[in-house]
Amino acid sequence: MIVARGQITISVTKDGQYPAQEFAKSTSGTVAPTSGWSKTPPACGTNEYLWMRTGIVIPPATSPVSWTTVRIGAIDGATGAKGDKGETGPTGSQGIPGTSQYFHVKYSANANGNPMSDTPNTYIGTAVTTSAAAPTANTSYKWVQLKGSQGIKGDQGIAGPTGADGRTSYLHIKYSDNGTTFTANGGETPGAYIGQYTDFTAADSNTFSAYTWTKVKGDKGDKGDKGDTGATGAKGDKGETGPTGSQGIPGTSQYFHVKYSANANGNPMSDTPNTYIGTAVTTSAAAPTANTSYKWVQLKGSQGIKGDQGIAGPTGADGRTSYLHIKYSDNGTTFTANGGETPGAYIGQYTDFTAADSNTFSAYTWTKVKGDKGDKGDKGDTGATGAKGDKGETGPTGSQGIPGTSQYFHVKYSANANGNPMSDTPNTYIGTAVTTSAAAPTANTSYKWVQLKGSQGIKGDQGIAGPTGADGRTSYLHIKYSDNGTTFTANGGETPGAYIGQYTDFTAADSNTFSAYTWTKVKGDKGDKGDKGDTGATGAKGDKGETGPTGSQGIPGTSQYFHVKYSANANGNPMSDTPNTYIGTAVTTSAAAPTANTSYKWVQLKGSQGIKGDQGIAGPTGADGRTSYLHIKYSDNGTTFTANGGETPGAYIGQYTDFTAADSNTFSAYTWTKVKGDKGDKGDKGDTGATGLPGALIRPRGEWKANTNYVNNTQYRDTVIYNGNTYSCRTDHTSGSSFDVTKWTLFNEFINVATHLLVAQNATIDILGTSGLFIGNQAKTQGWLMTGGSIKHNVTGLELTADGKLSLPKTGAILVGGKTFISDGKIVADFIDVNKLVVKRIEAVDGTIGGFKISANSIGTGSTSIPTIDKKEMFLYDDMIGFNSKNRQVIVGPFSTMGVDYLGRFYDHRSRPYDINRGVSISVTGGRDNIALAIDGGIVVDGKRGIDEYIEIAQVWYNGSTRTKVLQFKNGILWSATW
């Protein structure tokens, strides 16, 4: 049970329902009229009664299922005496605004929408909310691919048959920056594209179309991460309280639901984007659980068909073997380390009939293969709006509640990416705009443009050249992958990674030795992080609202309905509810879907078929008469074939070569490589949107008057009374001599409940305006006050703020388990586990740690002075460490004392006549050569420096002859002894 004092409103509504009332007149005072009902009370004549009927409208119906009828007027009689003045009625409570829906669109290059922007890209994300501010988190949107996927490569050309005429084939290569014209020096300067063709003529052709062109320059790096959010702006001034409006009727809300599925019928379905997308529009916030409740359409382009079989290679007979030479460069002008064998940003190549690589830089044709560094990230979003001003004092009763805002969804089409020119006829690009006006924007820049028709698949890569001929030896190109340039990726290096390794030999089996491959990085570097966003602006101070009389009825929010149909044809004729190649959309204010195909906007959502790959390059000549065959099959999981015996393309490709034309059906006979990229990481959560601006106030103006200015702007919406009805101003105008109904909207229907004492059970209480609800003792000396979205204790000051934070005064306290946890803004030490304190950063300039003193630049006790009493000390500075005991000291690190510089000192002056004092003991054994101490410099012993001396000892008889022994000393150490 809830007991409250003051003015409150009890609101128990069902979404979308609203009351209706009509009037009619009759000469009978007991039988209600059966016709003549209207929303406006008619004028009654003599012997006529006024009747009224009321009911509840449940959309999409436009009238009640049943009416309650009552007589509210009597036959005119004699004029009675003037009655006493009635008491002033209670003030009406605040009207509830109609619920509006907002449609938000974002774009991204990635399937998870991270990062996202307002610039159209490969993926589009949509969200429907009740706030005009677009969500900033990529997870708040539903993402789907709108651009068709790339077609797969064509099959490998079949190797050519053996030859006999001895003709020599030539490989011609030129370069282009744009794929349409040669680079400088007649195409000899390396560029982003490489063109090739083979014939039996040594001279290069200067005709651009004679070459087959392939882009070889790495893609540009990923865009940098989004910058950090700017700091929150300063807190705004305290706003004065505005007036409270009267009760308005809630608008009807629509909800847009999206699901995804791998199948065309949507079974099973999930919230994870997939090949098919399903959409449903309902009046309930709960998403339908049946897949049949959604409209399903394919948004991912179909797989391109396989390329044609390669042309058989020309014949040969001379038995010469060609060699491909490769070296690397970091700058395009000099070799990398190891004579160009170390991989770099550029790759150089040439072919001849000599096995040895040339060391001449210009002998190679150079191509840049490392992608450019990504652009610097976008500047961070502007910081959040400043904190809300302090709560104002309670104001007088306000005027009419603001009607629900209506949104309109507009669609245009264009053949160009920027939408210029645009039309209502579906085309390659679709532009969308959401406004509060029913009139569609006329500027192409007001729309967001995105390509909805899958792009044309690129041509398949050039077929691999056939095996060499004449001497019977076949060369093999071996490829493996690495993520770090030092070890293979999973599956023995078969899983693609950031680095590619290659080598060629005459052995079919791949080497498992990492260093046998030449490695090149093929993934571009990540872009720099964006700049930090600017500080948000301070919130504006709210104006004080005028005191108004009881507000009139709020205008119901306008509902919009989103309709979808499908067709096999571009004009939508015939159309159905079954997903097909084209999808048609329409937005109306009626729940009933249009039945004419011309009422919908039609667009192709299924990507077009990729073109066939070019013909493979003819293979070189052969000699032994055997033809080799390349066999290819596909797998989705790397363990079993895909459908159609492995002919349906999948995430893995398997290959092997032999001299048999028929494909093997044994899975292990193929070498498998994953060719489908992994799914991207989940995007970071977006920043919180800025606080919205306040709406206009309903301003009653009394009876309508001629030659008077009336407004409907961001500050006020005027209402008037005319012929007993209340009207709301549609647009700013100055009234003429007569009432113009086109400038006004009927504003009669509202229901208010107001009282000074309310006892209710199992009810929903909405606290409107600046009123509060107190829960505590009857004297109000201790308890909680709920107001302005916050809950605050009137004694301790503990507050749960409107923005979801817990605010504690400096002198307040928090108890945990009956013990004080926080007091005077500090955590009580009893709640800290001092036996194990794990922190990321400690900054201390005073105190002790385990008995060691902390100072500004050192830790420990003692100094470079040697103690003469029995105590133990340790000290640590930023450049040395020392240990002291009585008459003993060890210091390691640079220090100075008595004007002498040291790198270390070992000191032991204990008086022990019957024992041994040892300084440094070094023991080094077990090596091929054991060096205990290496000295570069002199030795001083007891204050004397060792000498350098050359000594010859007198001749002696040695092994049957006379010899002289020669001893050489250096720094007092015997350096050598020779005969």
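F739 counts as buried because its relative accessibility is 15%; buried here means under 20% relative accessible area, exposed over 50%, and partly exposed in between, with a 1.4 Å probe and protein chains only. This is a predicted model, where local features need pLDDT of at least 70, side-chain atom pairs count only at pLDDT 80 or more, and totals for chains, interfaces and linings use all residues. Residues are numbered from 1 along each chain as its sequence is written, and side-chain values use heavy atoms, leaving out hydrogens and water.

Let's stay with the rings. Phe, Tyr and Trp (its six-membered ring) pair if their centres lie within 6.5 Å; planes under 30 degrees apart are stacked, over 60 edge-to-face, and the rest tilted.

| Pair | Geometry | Centre to centre | Between planes |
|---|---|---|---|
| F335 and W366 | tilted | 6.0 Å | 55° |
| Y727 and F739 | tilted | 5.0 Å | 55° |

Y727 and F739 also belong to one aromatic cluster with W704, Y710, Y722 and W744. Y727 is buried as well, with a relative accessible area of 12%.

For the other pair, W366 is buried at 7% relative accessible area, whereas F335 counts as partly exposed at 22% relative accessibility.

Rings also meet charges here. A charge sits over a ring if NZ of Lys or CZ of Arg is within 6 Å of the ring centre and within 35 degrees of the ring normal. R699 places its charged end over the ring of Y716, 4.4 Å from the centre, and K480 lies over the face of F488 at 5.6 Å from the ring centre.
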